[in-house]
Amino acid sequence: APDPDGGAPVDLSLFADAAHEWIRERYPSFTYEFARASGLLDIPGWRRIVAAYWLVPFSERSPMRTGLIEHLYHLTLVGLAVEKHGPRELRVVTDDDKLWCAIARLATAHGATVLRSASPQTFVSRAVLTARSWWLRRATETALRAHRLCTGIWRIVRARARLFAEAWSKRRLFREQASEVMATRERKLGNLAAFYTRYPVLWENVDGHPSRDRNFGTFPDYLARQGFDVVYPGVFSSGVVGLRPTLSAVRAEASKRGIVFLDALVSVGELLRVYLAVGHVVRYLLWRARLGRRPILFGDIDVRELVLRELDAEFLYGTELLTNCMRAYGFQRFCRRYRPRVIFHPFEYQPMERALYAGAKAGLSQPVVVGLQTGMFSSNRLAWFYAEGEISMPGVIPTHHRSPFPDYLAVYGTLAYATLSRQCPPDRILLAGPIRYPEIRQE
């Protein structure tokens, strides 16, 4: 952003702290209020118990899971600089068409001229911009739309076919192993403690001790000494391609540790219902049509194209909505068949945790669900700051507009405890110390 007097460019790092604060204060309420007001929360996700919105990464509000936060941060930086210095000219270096359009609208509203230093991403985009005749522009735009439509349909079909084939393979490979694990625990079904896991990615050997899920430390061993029978329902995090040579070893290790893969519990009908049905896609497209050309404002900046790009990627082409529906079916069957007394899971406010909660509470067993903090907490962890009415509360009838939330949440220290106690009933938040790090607890 050049200085209005023709001097050195404006140093955007001077506005970094203000931009951070702006994002922290407004982004959590922005995502929820937009989803609620626009009707996005009315799109059912799994069995009409939880909205599809809560099963996609957009609702997690993590910069590691969506690029929207980074784009809004850049827009906020530019907005603060333009508002303070009022440059006559703004040069934007980007290949992102949608980000460039948002910056251009922002700068134009403040009377600045916008120049672009990078070419648009695709050959078709360049052809549209450079074509001088009206009919050539129209023909190129039509070809671009047809190309996007065909590519989009192919991406949807390919993703669903791949996921179905992988889920079918896991169901077939681990079905007998899951039965063997639970057959040894039928006598203790009334005292079953379940820990949601992802194997083998989260399992490790520590100081010569048997492999364990690093998120839970020695807490499962403690419960076992108290008389609980510990089992690990979860997902197999590796692919099935090339698994045959080590399949016997994987099954033996999983059985030894008490791991039950949820893919092995779902029925063929549930597989077909998730991966072959297109209800989510149709409902999302209808919502897009109802939204029309209405702007989506973040503060006073229209970020419509950026938001819809993220949602299109997750609702139309993404895989998490489908895999989380499968996790919910798996947990529903696990809870119906084995009736766990309590379920523990790592808490990061991720979509898969909400799928777990929805599946666990869909049956008659109604186990207690406890979230365990497994990562560090700071004011930049936007997933731990909630808008009013966003999360489910005890005594409140669950609706699509509220996110599933653990019955209890165990946190490390006083900062996380104080932050969450202001947003949730204090009796739901437990100050448990670093469960993941037993060495620190001993010190």
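**Exercise 1. Which residues form one aromatic cluster?**

*Solution.* Before we start, a word on the model: it is predicted, local features need pLDDT of at least 70, side-chain atom pairs count only at pLDDT 80 or more, and totals for chains, interfaces and linings use all residues. Residues are numbered from 1 along each chain as its sequence is written, and side-chain values use heavy atoms, with hydrogens and water left out.

- Start with the pairing rule: rings of Phe, Tyr and Trp (its six-membered ring) pair if their centres lie within 6.5 Å; planes under 30 degrees apart count as stacked, over 60 as edge-to-face and the rest as tilted.
- Searching the whole structure gives 34 aromatic pairs.
- One cluster consists of Phe174, Phe195, Tyr199, Trp203, Phe216, Phe219, Tyr222, Tyr232, Phe236, Phe261 and Phe344.

**Exercise 2. How do the axes of helix H9 and helix H10 cross?**

*Solution.* 

- Axes are lines fitted to C-alpha atoms, for helices over the stretch in contact, with angles from 0 to 180 degrees between N-to-C directions.
- The axes of H9 (residues 279-291) and H10 (residues 304-317) come within 10 Å and cross at roughly 165°.
- H9 and H10 are therefore roughly antiparallel (under 35 degrees is roughly parallel, over 145 roughly antiparallel, 65 to 115 roughly perpendicular, the rest oblique).
- In the contact (heavy atoms within 4.5 Å), H9 supplies Val281, Tyr284, Leu285, Trp287, Arg288 and Leu291, while H10 supplies Arg304, Leu308, Leu311, Asp312, Phe315 and Leu316.
- Sort these contact residues by type: nine are nonpolar, none polar and three charged (Ala, Val, Leu, Ile, Met, Phe, Trp, Tyr, Cys and Pro count as nonpolar, Asp, Glu, Lys and Arg as charged, and the others, Gly among them, as polar).

Notes:
Helices (H or I, at least four residues) and strands (E, at least two) are DSSP runs, numbered from the N terminus.
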